[in-house]
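Please consult the sequence and the coordinates alongside the text.

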Amino acid sequence: MSFREPVRAADEPGGAVHFPPVDNGLDYLLSVIELLARDQDKVTPRHLKYAVLHLQAATEVLLKYRLYLEHWTLVLQNLDVAKAKSNKKMTRAFFDGGDFISCTPLETVERLRSIIGLDISEDEQKQIIDLAKSRNALQHYGMTDRDGTIESRTAAVLDFLIRFLDDCLLPELDTADRERVTEDMERIRFGLTKIRSYIEQRMERLKDQLAPHKERTLQCPDCRQWALLAGDPSSCLFCPATTGSQLTAWNYASVVLRLPWRSTPPINDLFSQPATPPVDPCPDCGTDTLVRGAVTAAAPERPTNFCFNCATAFTHLCEICSQPFRAVDEQSTCGNCLFLGSEG
């Protein structure tokens with residue numbers, strides 16, 4: 001029996017049309033994923049066209065909903081309270097009915113920055129406005145792009161929007177709303193890992209954050225990007241996935257290095273001991289989190305023996321027991337073998 005992914009309520013034939021603001025924005029994002037999360041030679045100009053339209057729609061809906069959470073009048077084009085009171089079309093009743101003119105993309109970003117105090121850079125603001133211009137051109141007239149500008153712009157806004165959701169919008173929702181959109185967010189995160197231009201844009205953004213940590217940066221077993229910071233817990237700056245050091249070590253050894261779990265000889269004819277993960281005890285911290293043959297960003301061409309708990313690389317193997325150890329000066333044997341040798 002093959003596994004089938006659960007069908008979303010929005011995809012059920014004959015289902016009720018129910019798209020609250022956050023669900024509506026995420027639905028547009030899912031459409032972008034469906035259009036672009038495919039082999040690059042299969043992304044057509046039409047795919048990219050509708051990806052731009054739907055990404056702009058997602059951006060507008062989600063950013064304006066953050067304004068709405070602060071106060072509904074922030075979504076209106078005119079913020080003059082006195083005028084709002086005298087104009088029946090700017091009352092809450094008309095707002096709830098959708099009979100209003102909302103603020104422009106530029107006004108939206110400026111209010112998020114100046115009134116709510118969100119951290120949106122000048123460069124991110126420019127990307128959002130440029131995407132809105134691309135959308136307007138496509139929607140009302142048409143446009144031509146021969147140098148990949150649209151794809152690059154789409155990737156940049158995708159990068160911003162995921163950070164905005166994680167840092168600025170989802171934490172503001174109540175528990176029920178967050179739980180309701182969890183499945184859609186998981187689909188979006190998984191799909192994003194398949195979009196080449198998005199990956200390139202996001203990894204470029206993370207470069208400065210990762211640069212000081214090359215010695216403990218490895219390929220993430222979940223998204224396969226070089227953005228995993230080892231430690232306890234280990235965290236990926238791309239996914240973002242956060243797991244304990246032991247589980248991270250197991251996943252890295254099994255998924256990235258494809259090391260098989262170790263089988264042990266049977267205890268007797270009837271029973272066998274269970275297979276164990278392909279990890280070893282760390283000679284420094286003692287936890288079972290050391291993976292042989294791991295590769296860090298500091299030396300991608302040179303596999304080493306790396307502990308995912310204390311984030312330490314061991315380049316030396318004991319010439320007697322072949323176990324990793326921290327060498328001092330010209331030492332060629334580990335402390336245990338050195339001690340046993342002196343005892344003999």
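The report treats helix packing, then the sheets, and then some local features.

The model is predicted rather than experimental.

## Helix packing

Two packed helices are described by the angle between their axes and the distance between the axes.

| Helix pair | Angle between axes | Distance between axes | Crossing |
|---|---|---|---|
| α1 and α9 | about 30° | 10 Å | left-handed |
| α5 and α6 | roughly 155° | within 9 Å | right-handed |
| α1 and α2 | roughly 160° | within 8 Å | left-handed |

Helix α1 covers residues 21–36 and packs against helix α9, residues 182–192. Their angle of about 30° makes α1 roughly parallel to α9, since angles under 35 degrees count as such. On the α1 side, the contact is made by Leu26, Leu29, Leu30 and Ile33. On the α9 side, Asp184, Met185, Arg187, Ile188, Gly191 and Leu192 take part. By class, the residues of this contact divide into seven nonpolar, one polar and two charged.

Helix α1 also packs against α2, with axes that come within 8 Å and cross at roughly 160°. The helices α1 and α2 are therefore roughly antiparallel to each other, the cut-off for that term being over 145 degrees. From α1, the contact is made by Pro21, Val22, Asn24, Gly25, Leu26, Tyr28, Leu29, Ser31, Val32, Leu35 and Leu36. From α2, the contributors are His47, Leu48, Tyr50, Ala51, His54, Leu55, Ala57, Ala58, Val61, Leu62 and Tyr65. This contact of α1 with α2 has 17 nonpolar, five polar and no charged residues. Leu26 and Leu29 of α1 are listed in the contact with α9 and also in the contact with α2.

Helix α5 (residues 105–114) and helix α6 (residues 122–140) form a further pair, their axes crossing at roughly 155°. These two helices are therefore roughly antiparallel to each other. Pro105, Leu106, Val109, Glu110 and Arg113 in α5 meet Glu122, Gln125, Ile128, Ile129 and Ala132 in α6. The contact of α5 with α6 divides into six nonpolar, one polar and three charged residues.

## Sheets

Strands of a sheet pair through backbone hydrogen bonds, either parallel or antiparallel.

An open sheet of four strands has antiparallel pairing and the order β1-β2-β3-β4. Strands β1 (217–218) and β4 (242–243) stand at its edges, each with a single partner strand, so one side of each is left without a neighbour in the sheet. Strand β3, residues 234–236, runs antiparallel to β4, and two bridges join them. Ser234 has Thr243 in β4 as its bridge partner.

An open sheet of three strands has the order β5-β6-β7, again with antiparallel pairing. The edge positions belong to β5 (290–294) and β7 (312–314); each has a single partner strand, so one side of each is left without a neighbour in the sheet. From one strand to the next, the twist averages 30°. Strand β5 pairs with β6 (residues 304–307) in the antiparallel sense over four bridges. Within this pairing, Phe306 in β6 is the bridge partner of Val291.

## Local features

In the loop between β2 (228–229) and β3 lies Pro233. A cis peptide bond joins Asp232 to Pro233, with omega of about 5°.

The count of aromatic pairs comes to six. One of them, Tyr65 with Tyr68, is stacked, at 5.4 Å centre to centre and with 20° between the planes; the cut-off for stacking is planes under 30 degrees apart. Both tyrosines lie in helix α2 (residues 45–70), three residues apart, about one turn of the helix. Tyr65 is also among the α2 residues that make the contact with α1.

Notes
Residues numbered from 1 in each chain as written. Predicted model: local features only at pLDDT ≥ 70, side-chain atom pairs only at ≥ 80, totals over all residues. Heavy atoms only, no water. Pairing = 2+ DSSP bridges. Axes fitted to C-alpha atoms, helices over the stretch in contact; angles between N-to-C directions. Parallel < 35°, antiparallel > 145°, perpendicular 65-115°, else oblique. Left-handed = near helix turned anticlockwise from the far one by under 90°. Contact = heavy atoms within 4.5 Å. Nonpolar A, V, L, I, M, F, W, Y, C, P; charged D, E, K, R; others polar. Phe/Tyr/Trp six-rings, centres within 6.5 Å; stacked < 30°, edge-to-face > 60°.
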